[in-house]
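Open your viewer and keep the selection tool handy. We will go from stop to stop, picking residues and looking at what surrounds them.

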Amino acid sequence: MKFTVKQIADKIGATIVGNPDALIDRFSKIEVGEEGGLSFLANPKYTHYIYTTGATAVLVSEDFTPEKPLTTTLIKVKDPYLAFAQLMTFYQEQQRKTGISPFAAVASSAVIGKNVYIGDFVSISDGVVIGDNCQIYPHTYIGDGVQIGHDTVLHSGVKVYHSCVIGNYCTFHSGVIIGADGFGFAPQEDNQYMKIPQLGNVVIEDHVDIGANTCIDRSTLGSTIIHKGVKLCNFIQVAHNCEIGENTVMAAMCGIAGSTKIGKNCLFGGQVGVNWHLNIGDNVQVGAQSAVTKSFKSGSVVLGSPAFKAQDCVKSYAIFQNLPQIYARLQELEQQVEELQAKKDLQE
């Protein structure tokens, strides 16, 4: 699929400096650009590549002024990185498949929207509703009564348990499991455990992206809720009855224990662990490998295990790194004090 530079510029409302008729048929890194490639320049550290790139065109910021002659065409936009992402999204949409594989098992009571792709060995159960333009890749399972909005993509091997609700424009990568039972067991006198039925579901709102092998458990009662715009990386565990606020982002391997509420626009680094029944406010930032053992108010920036104010944590860690030297110095001072005390006692 080929596009002229002018077609691309018109798509994103950009200004062209160079050849508007040049043809683009691929995306390229700026440092290894090739004929027919479109690249972008967003990080100043990569500026020197624009003078040597083989890319046919490069997205640059509106205020970019070259200091040397160029062989590439410039497409000037307000935010090159965002414009590049928009164009890749547009390209990806053009690649969408349609049609239902003869090897898929689709219940007769399921309602399937228009322009939907359902791949080989997909299993769609009774009462499922799937909106228009969805992409359901091979070996995916969708349980009874699941509702999926329009333009949502479930990659190969996704499992959605019964009664869960998924919004519009969501993307779930391979191995995602939505709606498995929450970890609920009641201890008994004989040291065995009675399973507590998990009768709720999972509700995922619009524009949620979930990385590979992430699991979101169904609630005991009510719903585990992932609000719109949330982005979850790979290997994340969200336990039962949790709620994650709009546009919150979590890096890989985070674990959120049951009944914790996390606010809007939060940022979690990788491998963060959050205790149960906590309330995390809006716009909270949590550093990688932190252990969140208490609730934090909106706007907090925390780090450490257990997590506390990031600035104090960094200062504390600087001291911790020097503990052997500090301890040796303390022992030396104690010995000096003892010697001085002994001399004083002799004098008396």
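Select I204: leaving aside residues up to four places away in sequence, I204 touches V165, I166, G167, C170, F172, I178, I210, I216 and I226, where contact means heavy atoms within 4.5 Å. This is a predicted model, in which local features need pLDDT of at least 70, side-chain atom pairs count only at pLDDT 80 or more, and totals for chains, interfaces and linings use all residues. Residues are numbered from 1 along each chain as its sequence is written, and side-chain values use heavy atoms, with hydrogens and water left out.

Buried means under 20% relative accessible area, exposed over 50%, and partly exposed in between (1.4 Å probe, protein chains only).

**Stop two: the rings**

Next, select F27, F40, Y81, F84 and Y91, a cluster linked by ring pairs. Rings of Phe, Tyr and Trp (its six-membered ring) pair if their centres lie within 6.5 Å; planes under 30 degrees apart count as stacked, over 60 as edge-to-face and the rest as tilted.

Zoom in on F27 and Y91, an edge-to-face pair at 5.7 Å centre to centre, with 85 degrees between the planes. F27 is partly exposed at 29% relative accessible area, and Y91 is partly exposed at 33%.
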